[in-house]
Each structure stands twice: as C-alpha cells, then as structure tokens.
Amino acid sequence: SRAMNAAAEQSPFVEQVKVKERGRETRKRTVKDFFFGRTLGEGSYSTVVEATEVETEKIYAAKILDKRHIIKEKKTKYVTIERNVLHKLRHPFIVRLHYAFQDKQSLYFILDLAANGELLSWVRKYGGLSEPVAKHYMAELILAVEYMHQNGVVHRDLKPENILLGSDMHILIADFGTAKLLGENDGSRTNSFVGTAEYVSPELLMDRQEANIRGSDIWALGCIAYQLLAGRPPFKATNEYQTFQKILKNEYEFPPHFSVHAKDFIRRILVLDPNYRLGCCFFKDSDPDTIPNFDDLKSHPFFTGIDWSNLSNSNPPQMS
Ligand SMILES: Nc1ncnc2c1ncn2[C@@H]1O[C@H](COP(=O)(O)OP(=O)(O)OP(=O)(O)O)[C@@H](O)[C@H]1O
Ligand SMILES: O=C(O)[C@@H]1CCC(=O)N(CCc2ccc(Cl)cc2)[C@H]1c1ccccc1Cl
C-alpha cells in the first residue's frame, strides 16, 4: 500500500483523496495548496521555506527534502523517523507537523513556523541570558522533554540550534530525524547515531549498547542550562576528540556570575554515572512501561517561582 500511496501521490489524475481524521474532513494537501516564499534556512538534506496555505492564508514552514539526495545519502530512515515521530507528538513546545506530502522530486513537511529562529542565536546575541530568562526556557524545555519521554520518544540531539522560537517567543523543539522511538525494536542493536559532540553523554561515549538513551537527553539539558547562562557549552575544545576527553573527565568550570542554585542544578545533572544523575531514576530502556517523570528536576530550588502548570499561557520574560 506504501507503493500504491507513493504512486497515487504522484498521479495528476487522482481526485483529491478525502482523508477522514477523527471525524474532521481534512483534504489531502499537495504542493498546489501552498505558495512557497523566502528561504528560512538550509539543512544537510533539506531546505526550509515560508509556505502560505492558499485557501486559509495561514503561514507555515515547509521543510522540503530532495528524494534523490536522500536516497544517495542513504537517509531515507531518518526521513520516515522524523515523519512518524512528528506525527505522533502534539505539544505546545514541539514543532507540529500539519501536513506531509510528496511529488516526484521532493518530500514536504508543513510545520509550525518558528518565526523567531533558533534559541542559539539569542544566546549568542546576548552572550548568555539572565538567570530569570534562562530559568524560564529551561522550564519549557523540561516540560517538552518530559512529554517526549512519556510518549516513548528520545530526541538524542538536543541543543540550542534545535530549539526554535515561535512568534510568541515560546520554544518549538525541532529536528526529530535522529530521534529514537523506544519500545520499537527495529532490530538494529547498536545505536549507530551519536548526537553533537558538545552535548553527548559520557555513557554514550563509553558503551552505546548499555546506555539508556533517555539519560542522554537529560545530560544534554544540563549542557544547555550551562550554555544559556554562560553563552557557551560546558565541554568545548578545539576538536571533537578533545571535547570527548573533557566530557569523560567531567572537566568544566562555572563562570563567577552563576548563582548557587544554578551551579547546584547543573552539577547534579552533569554526573558521569546516569544512576546518580538528577532526573534519571534508573530505568531499563527495554521497559517503556516505566513512565518517567521529571519531578526531581522541576522541584530543584533553581526553579523557585516557576508556575509549571501555566508556562505555555504565560508571556516569556524579555531576553536581555
Ligand atoms: N519550523 C521552522 N520554522 C522556522 N525555521 C525553521 C524551522 N525548521 C527549521 N528551520 C530552520 O531551517 C534551517 C534548516 O533546518 P533543518 O531542520 O532542515 O536542517 P538542520 O536540522 O538545521 O540541519 P541538519 O539537517 O544538517 O541537521 C535551520 O537553520 C532551522 O533553524
Ligand atoms: O510515511 C508516510 O507518511 C508516507 C508513506 C508513503 C510514502 O511513499 N512516503 C514517502 C516515502 C519516501 C521516503 C523517502 C524518500 Cl527519499 C522517498 C520516499 C511517506 C512520506 C510521504 C510524504 C512525506 C514524507 C514521507 Cl516519509
């Protein structure tokens, strides 16, 4: 049926397939339903452009992937993972996939538009954020990652480049091509994928087999918390190998302006052994039934003053 789907997608004669979804009639979209505008950015296998839906004039981001390039680079798996994961996740702080379609040359993901770009740009612009701002964004991140893990998804490449900002300045986590759907044993024993050097957890560097990869997302949160406040990641060297050495030796220092609570929060996450890492109650990956909760993270004094139940309705504090 997949082949049929693909064939049907391409045939110009197929009448608009009515797709019944939860009682709502959503007509299958095609390229013709959108006007593609300015380029927002380029990925290794994709171009992201502004897309206006002709019928509703709603503005989205269209992530367009060239099929020939994907096949040549053997990245088909990443594309289908991104599609399946995005389709499954529905959360205010995660980029929403509204439509996915294809034509002969390309695949199209119609996504929420993150009008304020990457969190990384803002961190760089201010050389680090104030503590109230960093605290707010760490709280949004923790809610988004908790939701992902509770839905059996581990991102595996969390970093400020993949944390986008909507027009309301709330976060929109993107880039799920390298995510892992827990519980689905796709037969691949080794976790072939390892994230971005500065954010890779020590256990992933030591033993990919045994690493429970949820703990790696938490490690990345610790690195991001440090970076939001310091303006740079905790483990950064002139090359990847040196960076890995710093991670394995837990070699990092705090700049003087870090508060006691911020240092304590980050120290408790950047622990080499995931069994002693804050937020990583020990669980086996193979047991997706243990629904993780991030209460140990949320209850840390660093988050004093955060109203966890009202974050997505609140106005994020001004960056400065
Ligand atoms: N929903 C979005 N709204 C606005 N900009 C986006 C959106 N998604 C991605 N972008 C921007 O488009 C650029 C390309 O993103 P994309 O996810 O296609 O590739 P990437 O993940 O950045 O690169 P790579 O594929 O090499 O990891 C990035 O700079 C990103 O900031
Ligand atoms: O998973 C799906 O929803 C469909 C299923 C039918 C289908 O043919 N595709 C495209 C599969 C595919 C993936 C990569 C390349 Cl390079 C070419 C085709 C999938 C698809 C369609 C549109 C956009 C993305 C994807 Cl993965």
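Visitor: What share of the contacts with a separation of 6 or more comes from residues 24 or more positions apart?
Guide: In the protein chain of this predicted model, such residues account for 66% of those contacts. Contact means heavy atoms within 4.5 Å.

Visitor: Where do the numbers and cut-offs come from?
Guide: Residues are numbered from 1 along each chain as its sequence is written, and chains are lettered from A and ligands numbered from 1 in the order in which they are written. Local features need pLDDT of at least 70, side-chain atom pairs count only at pLDDT 80 or more, totals for chains, interfaces and linings use all residues, and side-chain values use heavy atoms, with hydrogens and water left out.

Visitor: How many aromatic pairs are there?
Guide: The structure holds 18. Rings of Phe, Tyr and Trp (its six-membered ring) pair if their centres lie within 6.5 Å; planes under 30 degrees apart count as stacked, over 60 as edge-to-face and the rest as tilted. Phe 101 and Tyr 108 are stacked, at 5.1 Å centre to centre with 25° between the planes.

Visitor: Are those two buried or exposed?
Guide: Both Phe 101 and Tyr 108 are buried. Buried means under 20% relative accessible area, exposed over 50%, partly exposed in between (1.4 Å probe, protein chains only).

Visitor: Which cluster do ring pairs form?
Guide: Ring pairs link Phe 34, Phe 36, Tyr 60, Tyr 99, Phe 101 and Tyr 108.

Visitor: Changing topic, what lies over the face of Tyr 78?
Guide: Lys 77 does, at 5.0 Å from the ring centre. The criterion is NZ of Lys or CZ of Arg within 6 Å of the ring centre and within 35 degrees of the ring normal.
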